[in-house]
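Please open the model in a viewer and follow the stops below in order. Each stop names a selection and then describes what is found there.

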Amino acid sequence: MARTVWDSTVGKKTVMAVSGLVMLLYLVVHMIGNLKIFFGPGEFNHYAHWLRTVGEPFMHDEWTLWLIRAVLVVAVVAHAVSAYQLSRRDIRARPAKYVHRKPRASYATRTMRWGGIILALFIVWHLLDLTTGTVHSGGFQEGHPYQNVVDTFSTWYGDVVYIVAMLALGLHVRHGFWSAAQTLGAGSRTRDRALKAAADVLALLLTAGFIAVPVGVMTGVVS
Ligand code: HEM
């Protein structure tokens, strides 16, 4: 049964929609949490520490954090695998033999594919930058995310990488949210306008909220 659902195009689209919404929920929370940087190092670092101890005493130290990480890894892998398989299917289904010019995917499809690749690369960079410190500019300080974030956005390439990724994120979420709503059956003639507006507002808030952090550092509001 599960195999039949997974093998179907609708099944893969449903996996994409659900995993996308799970990641979106994480991003909304992450964006709001990041805004605490405007309240100074004490509050921001305290919040980062809380992320490690949340759920105690019921949960052991970092258990909740690892649970969230596990859910995110499953969501990212499911999203990427189904995206890849759907695009292979799409390419195979094209009647390429009958046309002279190479058929091109629609603007939205191409934006989603490129956006997905940019975001996947960004996530790897971001983890190596602010979680492990491997590619971090300056001395990475474990347990001091405020200073680490300020260091990252004090370099031109840090600003460029994050701002380009956040713009890609906005476009990806805008179309992705809309597609997910259609796949999960939320679309209808009366609701489509509201869904499109919700996708626009969500994408805009997410992008603006994330970009506020590098802009805050660049303008000296956060230092
Ligand atoms: C300006 C934008 C962003 C800033 C300033 C930022 C900041 C941070 C910081 C400081 C951490 C480390 C937290 C800690 O170890 O205490 C972190 C972790 C993380 N961020 Fe971001 N982030 C941004 C955007 C994003 C975006 C767009 C994504 C996803 C597409 C993302 C995904 C993650 C993930 C998955 C983690 C790892 C969480 C963990 O397992 O510990 N972040 N971020």
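A residue is called buried at under 20% relative accessible area, exposed at over 50%, and partly exposed in between, with a 1.4 Å probe and protein chains only. By that criterion, 32% of the 223 residues of the protein chain are buried. The model is predicted, so local features require pLDDT of at least 70 and side-chain atom pairs pLDDT 80 or more, whereas totals for chains, interfaces and linings use all residues. Numbering starts from 1 along each chain as its sequence is written, and side-chain values rest on heavy atoms, with hydrogens and water left out.

**Stop 1: the whole chain**

Display the protein chain as a cartoon. The order of elements from the N terminus is α-α-α-α-α-α-α-α. Along the principal axes, the C-alpha atoms occupy a box of roughly 60 × 45 × 40 Å. Contact here means heavy atoms within 4.5 Å. Of the contacts between residues at least 6 apart in sequence, 64% join residues at least 24 apart.

**Stop 2: the iron atom**

Select the iron atom of the ligand. Which residues coordinate this iron atom? His30 and His126 do, each through NE2, at 1.9 to 2.0 Å. Donors are N, O and S atoms within 2.8 Å of the metal (3.2 Å for Na, K and Ca); water is not among the atoms, so sites may look incomplete. His30 belongs to helix α2 (residues 9-34) and His126 to helix α5 (residues 107-131), so that the pair links distant parts of the chain, 96 residues apart.

Why is the arrangement around the iron atom octahedral? The six donor atoms subtend angles of 87 to 180°, which makes it so. Six donors count as octahedral if opposite donors are over 155 degrees apart and all others between 65 and 115. For comparison, the ideal angles for six octahedral donors are 90 or 180 degrees.

**Stop 3: the shell around the ligand**

The ligand is surrounded by 21 residues, of which His30, Arg52, Arg69, His126 and Phe210 are the closest. The shell comprises 15 nonpolar, four polar and two charged residues. In this division, Ala, Val, Leu, Ile, Met, Phe, Trp, Tyr, Cys and Pro are nonpolar, Asp, Glu, Lys and Arg are charged, and the others, Gly among them, are polar. At least two shell residues come from each of α2, α3, α5, α7 (156-183) and α8 (192-218). Helix α5 contributes the most, with six residues.

Next, show polar contacts, which are pairs of N or O atoms within 3.5 Å; within protein, one must be able to donate a hydrogen and the other to accept it, and residues adjacent in sequence count only if both atoms are side-chain atoms. A polar side-chain atom of Arg52 is 2.9 Å from an oxygen atom of the ligand. Asn34 places a polar side-chain atom 3.5 Å from a ligand nitrogen atom.

**Stop 4**

Centre on Arg52, in helix α3. Arg52 is partly exposed, at 31% relative accessible area. Beyond neighbours within four places in sequence, Arg52 contacts Asp61, Glu62, Leu65 and Arg69.

Move to Glu62, in the loop between α3 and α4. Glu62 is partly exposed at 25% relative accessibility. Although not a glycine, Glu62 has a positive phi of about 70°. Pro57 also lies in the loop between α3 (41-53) and α4 (63-93). A cis peptide bond, with omega about 5°, joins Glu56 and Pro57. Most residues other than glycine have a negative phi, and most peptide bonds are trans.

**Stop 5: two serines**

Select Ser82 in helix α4. Ser82 is buried, with 0% relative accessible area. The Ser82 side chain reaches the backbone oxygen of His79 at 3.5 Å. Not counting residues up to four places away, Ser82 touches Trp6, Lys12, Val15 and Met16.

Finish at Ser137, in the loop between α5 and α6 (145-152). Ser137 is buried at 14% relative accessibility. A polar atom of the Ser137 side chain lies 3.3 Å from the backbone oxygen of Asp151. Leaving aside neighbours within four places in sequence, Ser137 contacts Asp151, Thr152, Thr155 and Tyr157.

Definitions and conventions
Four donors count as tetrahedral if all angles lie between 85 and 135 degrees; four count as square planar and six as octahedral if opposite donors are over 155 degrees apart and all others between 65 and 115; anything else is irregular. Helices (H or I, at least four residues) and strands (E, at least two) are DSSP runs, numbered from the N terminus. A residue is near a molecule or strand if one of its heavy atoms lies within 4 Å of it.
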